[in-house]
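Hello,

Please find the structure below. My notes on what was found in it follow.

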Amino acid sequence: FVNFTTPQMAEKFRAEVHGAYLGTLEATKPIEVCPARLQGLSANVEHFRNSAVMSECVYPEHQPVLFEPVTGVRLPFPAPNSPVRRKTLRKARALAIGS
C-alpha cells in the first residue's frame, strides 16, 4: 500500500498510474489503483506493527517501510506493542520459506 498525505496527491497518483503497465517485458496486466480497506497512516502502522510480516523470519524487503514526507528519508517502523500470535508467526515463516 501507499499512504498519501493528501487526497489530492492520491488522486494525482491514481490518474497517472491506473491502467499503466510496469516497464518489464513480463508485465501482462495493467496496474490497478484502488482505495484500501484500511485508511490512514496511523491505522496502517497499528495494523502492521504487530503483524507477522514484521517478524524476523520475513525478508526486510517484504516488510512495510515509512518515509519522511518532505525529505523522503526512510524512518524506522514502530516496534510491536504486543506479541505476534503463534498462528500468525507460522504463516509468516511459511511465506518466508515459500518466497
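Overall layout

The chain has three helices and two strands, in the order α-α-β-β-α along the sequence. Helices (H or I, at least four residues) and strands (E, at least two) are DSSP runs, numbered from the N terminus. This is a predicted model, in which local features need pLDDT of at least 70 and side-chain atom pairs count only at pLDDT 80 or more, while totals for chains, interfaces and linings use all residues. Residues are numbered from 1 along each chain as its sequence is written, and side-chain values use heavy atoms, with hydrogens and water left out.

Of the 99 residues in the chain, 16% are buried (under 20% relative accessible area; exposed is over 50%, partly exposed in between; 1.4 Å probe, protein chains only).

Salt bridges

The structure holds two salt bridges (a side-chain nitrogen of Lys or Arg within 4 Å of a carboxyl oxygen of Asp or Glu). Arg-14 pairs with Glu-11 at 2.8 Å, N to O; both lie in helix H1 (residues 7-17), three residues apart, about one turn of the helix. Arg-14 is partly exposed at 33%, and Glu-11 is partly exposed at 40%.

The other joins Arg-49 to Glu-46, with the closest N and O atoms 2.7 Å apart. These two are three residues apart in helix H2 (residues 41-49), so about one helical turn separates them. Arg-49 is buried, at 15% relative accessible area, whereas Glu-46 is partly exposed at 40%.

Regards
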